[in-house]
Amino acid sequence: MSALLSAALAAAERDWPVFPLRPGGKRPALHPETRCPRTGACAGGHVTWERRATTDPDRIRAAWTTGDWNIGLATGPARLVVVDLDKPKDETDAPDGAANLLALCERAGQPVPATRTVRTASGGTHLYFSAPDGAHLRNTAGALGPLIDTRAHGGYVLAPGSVINGNAYRVEGPALIRPLPGWLLDRLAPPHPSTAPAPAPVVPLPRAGGRLATVVLERETAKARQAAEGSRNATLLACVRAVGRFVAWGDLDRTHVETAFQAAGEAAGLPAAEVTATIRSALDWSIRTARPRSAA
């Protein structure tokens, strides 16, 4: 039995649905909706990777005996919330995701949460938490801080045993999974309609470029959402760069922009992790190269 098959079965034994990713990569090995043959499992309509993820050992053996597939763990169906603490993409002295989480905990007066920890192939960290009952959390990008993403419903992570560039994802320390701390849930959960504050009255945006920035953001996210397969990542990159100058000028909040494009990229069919990386790269480039407003 291959190591990847063993790892996929081990995840399924924990009742965590899995699905194959491309060998040595992070993208699903399943066909996208745009190329769906509408046969077999998709005879009644396209079945997404999240719905095809399985804990059935026979199906897992049938899939992983055909190739060295990496292992996608569907976090929503697994009732998991995974906090992804990333490393900076470029060599820099900027704090990484782990340092930013520590700072967040210190500001909140909370201990750094201890739970199942997985070391990623790039040296980052995945913290696995059990999802609270009744909560339907979605993916976030930067909502908890720079280089901190979360994966829940609509998302997936590479399970331990997966290999990228010769480096394996591996469990570090005890495997016990703790519930998501309530103070983190408060930061990730959308407000309940009954408790959400009344919307503020619409007032003119105080910043000179604010109205234009909003129009450009809406236009570019729509363009990214409708991108055709084969050009989706390039389109996303260009759209984010078109908006990035407004982040550099302070007209738009970076987290707001990242969240909007994350939803657009995933709606276009791109993997969540790829969307996050593209957005971060594009915004970093835009902020670094943006000309002053007076020269634009």
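Trainee: Is Ser286 buried or exposed?

Mentor: A residue counts as buried when its relative accessible area is under 20%. This is a predicted model, and in it Ser286 has a relative accessible area of 3%, so it is buried. Ser286 belongs to helix α9.

Trainee: Which residues does Ser286 touch, leaving aside those up to four places away in sequence?

Mentor: Ser286 touches Val240, Arg241, Gly244 and Arg245. Consider Gly244: the C-alpha atoms of Ser286 and Gly244 are 5.0 Å apart in space, although 42 residues separate the two in sequence.

Trainee: What else may be read from helix α9?

Mentor: Glu274 is also found in α9, which covers residues 272-289. Leaving out residues up to four places away in sequence, Glu274 touches Arg27 and Asn233. With Asn233 there is a polar contact between the side chains, at 2.7 Å.

Trainee: Which residue would illustrate the exposed case?

Mentor: Exposed means over 50% relative accessible area. Gly40 has 62%, so it is exposed. Its place is in the loop between β1 and α2 (49-52). Gly40 and Ala263 are 223 residues apart along the chain, and their C-alpha atoms are separated by 29 Å.

Trainee: How should I read the buried residues of a helix?

Mentor: An α-helix has 3.6 residues a turn, so residues three or four places apart point the same way. In α1, the buried residues are Leu4, Leu5, Ala7, Ala8, Leu9, Ala11 and Ala12. These buried residues pack against β1, α3 and β2. After α1 comes Asp15, which has a positive phi near 70°.

Trainee: In what order do the strands of the open sheet lie?

Mentor: The open sheet has 3 strands in the order β1-β2-β8, with antiparallel pairing. β1 (18-21) and β8 (156-158) stand at the edges; each has a single partner strand, so one side of each is left without a neighbour in the sheet. From one strand to the next, the twist averages 35°.

Trainee: How many bridges join β2 to β8?

Mentor: Strand β2 (residues 70-74) is joined to β8 by 3 bridges, and the two run antiparallel. Within this pairing, Gly72 stands opposite Leu158 in β8.

Trainee: Which helices lie on this sheet?

Mentor: Helix α1 (residues 3-13) lies across β1 and β2, and runs at about 10° to β2. Helix α3 (residues 57-64) also packs on the sheet, where it touches β1 and β2. The direction of α3 makes about 5° with that of β1.

Trainee: How do the two faces of a strand differ in reading?

Mentor: In a regular strand the side chains alternate between the two faces of the sheet. Strand β7 (residues 148-151) is covered on both faces. Ile148 and Thr150 are buried on one side, and Asp149 and Arg151 are buried on the other.

Trainee: Which strands pair with β7?

Mentor: Strand β3 (residues 80-85) pairs with β7 in the antiparallel sense, over 4 bridges. In this pairing Val82 stands opposite Arg151. Strand β6 (residues 140-141) is joined to β7 by 2 bridges, again antiparallel, and Thr140 stands opposite Thr150.

Trainee: What lies between β6 and β7?

Mentor: The two strands form a hairpin with 6 residues between them. Gly142, in the turn, has a positive phi of about 80°.

Trainee: Let us turn to the chain as a whole. How many helices and strands does it have?

Mentor: The chain has 9 helices and 12 strands. Its C-alpha trace spans about 65 × 50 × 45 Å along the principal axes. For 296 residues, a compact globule would have a radius of gyration near 19 Å; the chain has 20 Å, which agrees.

Trainee: What do the contacts say about separation along the sequence?

Mentor: Take the contacts between residues at least 6 apart in sequence: 73% of them join residues at least 24 apart.

Terms used. Residues are numbered from 1 along each chain as its sequence is written. Side-chain values use heavy atoms; hydrogens and water are left out. Two strands pair if DSSP finds at least two bridges between them. Axes are lines fitted to C-alpha atoms, for helices over the stretch in contact, and angles run from 0 to 180 degrees between N-to-C directions. Contact means heavy atoms within 4.5 Å. The radius of gyration is taken over C-alpha atoms; the globule rule is 2.2 Å times the number of residues to the power 0.38. Buried means under 20% relative accessible area, exposed over 50%, partly exposed in between (1.4 Å probe, protein chains only). A polar contact is a pair of N or O atoms within 3.5 Å; within protein, one must be able to donate a hydrogen and the other to accept it, and residues adjacent in sequence count only if both atoms are side-chain atoms.
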